Amino acid sequence: MNNFELFIQVHKPKLNDFSREYIKALDIPLPLKESIIYSLINEGKKIRPLSFLYLLDYYRVDYNRYFDVALAIELVHTYSLVHDDLPEMDNDDYRWGKLTNHKVHGVDVAVLTGDAMLTLAFEVLSECEVDSKLKIRLIKQLANYSGAMGMIAGQIYDVKQKSFNVDANYLRNMHSLKTGKLIELPLDFATLIAYKKSDYELIKDFGKELGIAYQIKDDILDYYGDFKKIGKLPSDENMITYLSFYGITECEQLLLKHTQNAKNIAKKLENNNLEQFADYLLRREK
């Protein structure tokens, strides 16, 4: 078990507990509260918020002070999945080994749950313990990475890909926005909060390479993965993915290439923890 895997094992229950108590304390309608908790507290990997805390720990920052920032990151990620699973999007029945939100709470509540989590993320972030100038930067970056110039742009390129000529550059740009931005974000946040300005550009490059590798691995698991491990059914969408575009052999080569690129950047930073993070994502089975 490497350092990041051990960090997940210890801190995922803590993050789930923190998130549950935060949502339970909100003065919001009970059906909405139950729906948010249903999707937010789950057996997912929690890679995004935990990578943020993990990098803070490496920088010797008291990461226990920033569980609220981790929650904000996970709220945005979870909202995107609740909406992705809707019949009008990917139309998935299972997520994290249980029925998707709309299958349990209805499409109307699922849509509003996603809306609530997205907006709540910014409220949570606005209350975190960082100086006001940095807080504005974090809020702006969260909006940029998750919004019309980031994740949502990538989602548009995905759902409307039949309107475009999908080549290798299109595919990479689409997934760098749709998936990569929320892989980069936690690492960028940790570097900013730790005031490690000298590391920032290399950390961004590390996140970009890891984001590509992450999506390729996701496409492989989405097709070949075991339901008991990945917690959802194999995709049957008629959409172009890395796997359908390149085939399994080249995808495996690209996965190794981009993982190694990320590890080489971690070596430049002399950050063995990030190397182990990259290794964990390469070996994951869900």
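Reader: Which residues form one aromatic cluster?

Author: The model is a predicted one. In it, ring pairing rests on centres that lie within 6.5 Å. One aromatic cluster is made up of Phe4, Phe7, Tyr54, Tyr63, Phe206, Phe277 and Tyr280.

Reader: How many aromatic pairs does the structure hold, and is the pair of Tyr157 and Phe164 stacked or edge-to-face?

Author: The structure holds 15 aromatic pairs. The ring centres of Tyr157 and Phe164 are 5.9 Å apart and their planes meet at 80 degrees. Planes over 60 degrees apart count as edge-to-face, so the pair of Tyr157 and Phe164 is edge-to-face.

Reader: What is the centre-to-centre distance in the pair of Tyr223 and Tyr224?

Author: Tyr223 is exposed, at 53% relative accessibility. With Tyr224, Tyr223 forms an edge-to-face pair with 80 degrees between the planes, and the centre-to-centre distance is 4.9 Å.

Reader: Over the face of which residue does Lys98 lie?

Author: The distance from Lys98 to the ring centre is 4.0 Å, and the ring belongs to Tyr38. Arg95 likewise lies over a ring face, at 5.9 Å from the ring centre of Trp96. For Lys98, the residue is Tyr38.

Reader: Is Asp85 buried or exposed?

Author: Asp85 is placed in the loop between α4 (67-84) and β1 (94-95). Leaving aside neighbours within four places in sequence, Asp85 is in contact with Asn91, Asp92, Arg95, Thr100 and His102. Its relative accessible area is 3%, and under 20% counts as buried, so Asp85 is buried.

Conventions:
Residues numbered from 1 in each chain as written. Predicted model: local features only at pLDDT ≥ 70, side-chain atom pairs only at ≥ 80, totals over all residues. Heavy atoms only, no water. Phe/Tyr/Trp six-rings, centres within 6.5 Å; stacked < 30°, edge-to-face > 60°. Buried < 20%, exposed > 50% of the residue type's maximum accessible area, 1.4 Å probe, protein only. Lys NZ or Arg CZ within 6 Å of the ring centre and 35° of its normal. Helix = DSSP H or I, 4+ residues; strand = E, 2+ residues; numbered from the N terminus. Contact = heavy atoms within 4.5 Å.
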